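Colleague: Please take a close look at a single part of this model, and describe how that part is built and how it packs against its surroundings.

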Amino acid sequence: MRLFAAVLPPDPVSDELAAYVDELRKLPGAADSVRWMERDSWHFTLAFMAEVPEDVVPGLCERLERAARRTEPFALALRGGGHFGGRALWAGAGGAVAELKILAGRADAAARKAGLKMEEHRAYRPHLTLARSRGEADFRPYVEALAAFDGTPWTVPELTLVRSNLPVSGVPGERPRYEVVGRWALGGGAGGAGGGAGGLGGAG
């Protein structure tokens, strides 16, 4: 199964960003090739694990739980944005970004210790993908508009493990479906591992 560890924005935060994205989509010159992501797929990836064998999942979950327990809840906000060339537009993070990077490092280490082969270490850049393009799109007008976006802070309560179910129907434009398969409270607080089907939903 294709898995990744993530931080999910709660519903009120996603509502705020969704209203802003609605305005972005009205900007003149929006390229036909731009494909906007559904709000229930919004997340900050901490560690992408690609294909994970079934027998590795229990050990991975145990290590992710330890990583969550070692990290105290922290304040985060959606702020500004950027783009990866002409291929992806994203919203950025503000607040305790240093703590988010620490959690990402711990999630990556948990996957490695569970025996998964991860990408080589590189600087972590937190981003929440808003849109992708099939070709080279000019995202600069969107990035300029996102510079003014400063979302309401929230306290990140948990680390989440998400399964990415790739499209199988062959229908053009079909997107991966994300399914929460585990949640662990930061700092060892209330909550814990649990499954969840369907979209990502909120983390609040």
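Modeller: Angles between axes under 35 degrees count as roughly parallel, over 145 as roughly antiparallel, 65 to 115 as roughly perpendicular, and the rest as oblique. The model is predicted, so local features are reported only at pLDDT of at least 70 and side-chain atom pairs only at pLDDT 80 or more, while totals for chains, interfaces and linings use all residues. Residues are numbered from 1 along each chain as its sequence is written, and side-chain values use heavy atoms, with hydrogens and water left out.

The protein has four helices and nine strands (DSSP runs numbered from the N terminus, H or I of at least four residues for helices and E of at least two for strands). From the N terminus, these elements follow the order β-α-β-β-α-β-β-α-β-α-β-β-β. Of the 204 residues, 45% are buried (under 20% relative accessible area with a 1.4 Å probe and protein chains only; exposed is over 50%, and partly exposed lies in between). Among contacts (heavy atoms within 4.5 Å) with a separation of 6 or more, 76% join residues 24 or more positions apart.

Helix α2 covers residues 57–69, and its 13 residues should span 18 Å at 1.5 Å a residue, which agrees with the 18 Å between its end C-alpha atoms (the expected span is 1.5 Å times one less than the number of residues). Its buried residues are V57, L60, C61, L64, A67 and A68. Seen down the axis of α2, they fall within an arc of 120°, so they line one face of the helix (the arc is that of the directions from the axis to the C-beta atoms). The partners of these buried residues are strands β1 (2–7), β3 (44–51), β8 (158–165) and β9 (177–185), together with helix α3 (97–113).

The pairing with α3 can be described in detail. L60, R63, L64 and A67 of α2 meet L103, R106, A107, A110, A111 and K113 of α3. The axes of the two helices lie 9 Å apart, at an angle of about 155° (axes are lines fitted to C-alpha atoms, for helices over the stretch in contact, and angles run from 0 to 180 degrees between N-to-C directions). Helices α2 and α3 are therefore roughly antiparallel to each other.

V56 lies in the loop between β3 and α2, and V56 is buried, with a relative accessible area of 17%. Beyond residues up to four places away in sequence, V56 touches A114 and L116. The C-alpha atoms of V56 and A111 are 9.6 Å apart, although 55 residues separate them along the chain.

In strand β3, A50 has a positive phi of about 55° although A50 is not a glycine. Most residues other than glycine have a negative phi. A50 is partly exposed, at 28% relative accessibility. In strand β8, T160 is buried at 0% relative accessibility. Apart from neighbours within four places in sequence, T160 contacts F4, A5, A6, L8, V180, G182 and R183.
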